[in-house]
Amino acid sequence: MQRRRGSRWGLFGSALGVAALLATSACTVDVPTDDGNNDGGGGDGTSMLLAADNGSPTFDRNFNPYSPGKRQTSTLIYEPLFVTNTLDGTETPFLASAKEQPDPATVVFTIREDVVWTDGEEFTPEDVTFTFDLLKEFPALDTNGVWALIDSIEVDGQDVIVHLTGDNVPAAAIIQKTIIVPEHLWADVEDPTTYTNEDPVGTGPYMLGEFTPNEYTLDRNEDYWQVENVAAEELILPASNTQLDIVNNGYDWAYSFMSDVENTWVSAAEGNTFWFPPGGTIAMFPNLTMAPFDNPEFRLGLSAALDRDRIADVAEEGYVEAAGMSGLLLPNQEAWLNPDLPDGGAVSQDVDAALTHFEAAGYTMSGDQLVDSAGTAVALTLTTPNGWTDWLRGATEVQSQLAEVGITVTLNQPQPAAYQQELQNGNFQLSMGSFGGTGSIYEDFNRLLSSEFLQPVGTTTTANFQRYSDPETDALLAELRVTLDEGRQMEIAHELQTVVFEQAPVIPMFYGGLWGLFSEANFTGWPSADDPYASPATWDANPLLVLTNVEVAD
Amino acid sequence: MRYLLRKIGLLLLTLWAAVTLNFFLPRMMPGSPTDAAIAKLAQNGPVSPATRAAIEAQLGVPTGNIWDQYVAYLGNVLTLDFGISYTFFPQSVSELVLTALPWTLVMVGVVTIVAFVLGTLLGVLAAWKRGTFLDSLPTLTGTFTSAFPYFWTALLLLFFLGYVLQWFPTSGAYSPRATPNLSPEFIADAAYHAVLPAVTILITSLGGWILGMRNTMINTLGDDYVTFAEANGLKPRAVALKYAARNAILPNLTGFGLALGGVVGGSLLVERVFAYPGVGYLLYNAVTNQDFPLMQALFLMITVSVLVANFIVDVLYGYLDPRTRR
């Protein structure tokens with residue numbers, strides 16, 4: 001989960017960054033600019049420099065929060081009902097002050113009072129229902145697919161009552177992510193899908209300040225309903241945030257993969273810290289519709305043959321941990337971990353065990369090659385997207401480790417769009433891929449294992465790419481979807497982990513990091529391993545959590 | 001006149017072929033625009049199934065059979081309507097191209113002219129004083145620098161002049177808080193930002209002009225009329241410039257015409273390294289995002305200008321060198 005675009009340049013850049021720091025005796029280099037671009041790092045302390053929005057290479061003025069080309073900070077100007085910490089699923093109320101699920105088919109959101117739009121109009125529950133109606137009328141705006149879950153919506157005083165299409169407990173977590181827009185302005189927008197909303201009016205902690213194509217600012221909304229929690233008076237967002245810029249320009253918060261982070265980012269300035277928690281699981285997806293992957297023993301053999309610690313080290317420079325076979329994101333989701341899984345689901349390399357599994361699947365070693373019953377050597381193709389260098393390093397390591405158990409692996413590296421197509425169509429043998437990281441146990445496992453996404457090879461699917469289908473697993477998922485009983489939810493979560501552990505529908509290898517770089521020089525209270533109240537991600541609603549928690553440094 | 005008509009006919013035929021190829025080539029790339037959009041989102045973590053449906057609805061990914069699309073495309077080309085970009089949704093392609101074009105035209109255009117003039121003059125000098133220091137220095141340096149890859153030169157300049165010495169800004173076409181306008185301050189700011197990318201292109205392209213000019217000029221210097229001019233006691237400078245160089249410049253002129261035609265394509269690698277908002281960067285974005293409408297418009301613009309430049313050179317040749325008219 002890093003921004004891999006242009007990572008070739010990134011590597012070049014960071015190599016140069018190291019050299020730059022050495023060449024200048026590791027002191028901070030300020031790039032000359034003719035304005036106060038650098039006051040984030042060491043300036044007046046109330047304005048914050050963020051690498052949170054990248055121009056391509058300049059900014060388009062688009063603050064439509066539903067547009068794919070939106071400015072990332074649109075989610076600081078508008079707010080959703082609740083914000084979920086994607087690391088562990090904790091929910092924080094924003095435009096709703098509370099919610100209740102009286103039965104599995106109903107969610108009641110109590111809408112916050114005394115909230116005003118930045119043009120002075122009062123925010124009301126009608127704005128909420130207007131927004132949902134808007135998404136229904138324009139499905140292109142409905143990026144979370146809420147109208148696949150909702151049957152109808154009604155207002156009752158300060159409450160908004162959502163009637164679902166059926167029993168669906170996890171639906172609330174998706175519905176409450178919806179970003180709410182003002183009825184009095186958006187009702188007149190002719191086509192909200194192409195609307196660029198150049199002068200946004202929201203309820204959020206920030207409003208648009210000065211906008212230029214190379215940089216813009218956001219000013220604190222002094223009438224914000226929790227303005228006392230918002231420390232930074234101004235946010236500065238430059239369009240160019242190369243790794244060289246990040247190391248040299250004194251950012252307060254940046255999101256970027258950084259090679260050799262200790263000697264680049266950390267040594268660049270006093271107070272620089274980083275936190276790289278796992279944001280998803282990087283796995284090998286075996287195509288379960290074909291031999292030998294249709295045999296669980298063969299998949300378990302592959303799993304046992306891998307030295308995951310080594311793969312994680314090689315792929316991500318030791319920034320992330322190896323992933324076990326529980327299917328969970330650890331340590332984020334530790335509370336859900338099935339205590340019956342040996343070693344918490346971790347699987348260490350065991351060539352003998354691997355060969356035993358292969359033998360059970362009908363494959364034996366012949367000389368230095370693994371062969372099937374007809375004596376044909378096993379040769380596999382592993383697909384990984386071109387240019388995603390960390391995945392490629394992982395895949396190359398897999399290649400050499402599987403060679404040790406007599407399996408020849410060929411790497412197939414299509415362009416990212418073609419990779420996506422091959423993955424969705426099931427046009428692969430083994431493919432690198434990622435799963436999890438939504439913050440919801442149900443969502444994570446449902447997308448991974450549910451036959452609701454099952455499509456024949458050649459037909460596009462949007463989840464369950466390996467094409468797993470098992471009635472018992474489906475029954476577990478169906479029950480998890482409707483049960484409000486937290487004890488039962490936990491039991492089902494345990495059973496789903498056992499499914500992954502014993503059947504290996506995917507082969508998790510390592511965690512994809514979220515690359516958060518922070519400076520404590522001007523602001524403190526950033527999310528960290530000790531206080532993981534939010535992820536370091538600079539997109540979606542996550543910055544709302546972070547910017548209402550940080551404080552001005554003493 | 002028949003020569004001109006034949007050239008015009010050829011131009012139209014090539015244009016049609018280019019326009020048609022331009023339609024089919026992007027569509028032969030594996031993956032759809034939606035796949036590209038999802039791949040981009042997937043870099044931040046797994047993408048939800050609902051997102052795919054919304055993106056498809058939003059982009060209005062082309063439907064209908066390929067022949068209908070082709071006919072509609074030809075109509076659009078004739079009316080210069082290239083539709084909405086997928087990457088920069090909901091901006092129109094024409095708007096994007098018109099924003100990027102001036103940056104490329106001015107920066108790459110000026111450098112191309114400077115490189116041609118400077119390189120040709122140095123080539124003349126080197127050939128005239130062949131065997132001396134004035135020959136070996138530009139020739140050797142030119143051979144050396146023209147072998148540099150663009151991005152490598154760009155990264156070196158970025159590092160030394162941008163970061164270590166901090167003489168020049170390292171990215172963008174103007175200062176962070178500036179808005180493009182035509183005030184003298186802004187133009188000075190833009191020129192300052194253009195120095196590093198421009199020098200990069202100059203360094204890598206200068207050598208070609210020097211070597212080309214020098215080599216043809218040396219051939220020309222051996223011709224009888226040059227000896228005759230010298231024997232008649234003309235001043236060396238007049239012989240070099242008026243007789244030898246004037247005849248030797250033809251191949252370089254062809255190259256110059258083509259280079260000018262190629263200017264609109266920008267300089268992808270240089271623009272990418274310096275985050276310069278020109279056509280090259282736009283093309284990079286279009287290709288990596290499977291942005292068919294934007295790709296088509298850009299490729300079309302590039303092919304048409306190269307073809308037109310080619311045509312002009314052809315026509316000029318007809319007058320400069322009557323032998324080609326046959």
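In what order do the 4 strands of the open sheet in chain A lie? In this predicted model, the order is E4-E5-E7-E6, and the pairing is antiparallel. Strand E4 (96-103) and strand E6 (150-156) of chain A form the edges, each pairing on one side only. On average, neighbouring strands of this sheet are turned by 20 degrees against each other, direction ignored.

Within the sheet, strand E5 of chain A is joined to the antiparallel strand E7 of chain A by 5 bridges. In this region Phe109(A) stands opposite Val160(A), which belongs to E7(A). Helix H3 of chain A packs on the sheet and touches E5, E6 and E7 of chain A. The direction of H3 makes about 165 degrees with that of E6(A).

A further packing arrangement involves two helices of chain A, H8 and H10. Their axes lie 8 Å apart, at an angle of about 165 degrees. Angles over 145 degrees count as roughly antiparallel, and H8(A) and H10(A) are therefore roughly antiparallel to each other. The crossing in which H8(A) passes H10(A) is left-handed.

| Helix | Residues in the contact |
|---|---|
| H8(A), residues 296-305 | Glu297(A), Phe298(A), Leu300(A), Gly301(A), Leu302(A), Ala304(A), Ala305(A) |
| H10(A), residues 351-360 | Ala353(A), Ala354(A), His357(A), Phe358(A), Ala360(A) |

By class, the contact of H8(A) with H10(A) comprises 9 nonpolar, 2 polar and 1 charged residues.

Conventions: Residues are numbered from 1 along each chain as its sequence is written. Chains are lettered from A and ligands numbered from 1 in the order in which they are written. This is a predicted model: local features need pLDDT of at least 70, side-chain atom pairs count only at pLDDT 80 or more; totals for chains, interfaces and linings use all residues. Side-chain values use heavy atoms; hydrogens and water are left out. Two strands pair if DSSP finds at least two bridges between them. Axes are lines fitted to C-alpha atoms, for helices over the stretch in contact, and angles run from 0 to 180 degrees between N-to-C directions. Contact means heavy atoms within 4.5 Å. Angles under 35 degrees count as roughly parallel, over 145 as roughly antiparallel, 65 to 115 as roughly perpendicular and the rest as oblique. A crossing is left-handed if the near helix is turned anticlockwise from the far one by less than a right angle, and right-handed if clockwise. Ala, Val, Leu, Ile, Met, Phe, Trp, Tyr, Cys and Pro count as nonpolar, Asp, Glu, Lys and Arg as charged, and the others, Gly among them, as polar.
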